[in-house]
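Colleague: I'd like to learn to read helix packing and pockets. Where do we begin?

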Amino acid sequence: VPANIIDSELFGHMAGAFPGAFAERIGKLVEADGGTLLLDEIADLPPATQAALDRVLATGEVRPVGCNGSNSVDVRLIGT
């Protein structure tokens, strides 16, 4: 799976962020705000995506692909 698709699923994206991104999309981390998100095989994610997940856990801020701003989230992440 291409890295931009993984990032789009987890963090969301803005319209026009990459070819084929015609509309804004809310990511799974924002959808799980106030709840729990289970991610399987985190070690197989691209290193840049792992770093972005680490940043979310450290700051509680999710930055969608192609966006300068961020969303605050309170999410519990369970990874295997």
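Modeller: With handedness: a crossing is right-handed if the near helix is turned clockwise from the far one by less than a right angle, left-handed if anticlockwise. Helix 1 and helix 3 cross right-handed. Helices are DSSP runs (H or I, at least four residues). The model is predicted: local features need pLDDT of at least 70, side-chain atom pairs 80 or more, while totals for chains, interfaces and linings use all residues. Residues are numbered from 1 along each chain, and side-chain values use heavy atoms, without hydrogens or water.

Colleague: At what angle do helix 1 and helix 3 cross?

Modeller: Roughly 15 degrees, with the axes of helix 1 (residues 3-11) and helix 3 (residues 47-59) coming within 11 Å. Helix 1 is therefore roughly parallel to helix 3 (angles under 35 degrees).

Colleague: Which residues of helix 1 and helix 3 meet?

Modeller: Contact means heavy atoms within 4.5 Å. Helix 1 brings Ile6, Asp7, Leu10 and Phe11; helix 3 brings Thr49, Ala52, Leu53 and Val56. By class, that contact has 6 nonpolar, 1 polar and 1 charged residues.

Colleague: Which element gives the most to the lining of the largest pocket?

Modeller: Helix 3, with 6 residues.

Conventions:
Axes fitted to C-alpha atoms, helices over the stretch in contact; angles between N-to-C directions. Helix = DSSP H or I, 4+ residues; strand = E, 2+ residues; numbered from the N terminus. Parallel < 35°, antiparallel > 145°, perpendicular 65-115°, else oblique. Nonpolar A, V, L, I, M, F, W, Y, C, P; charged D, E, K, R; others polar.
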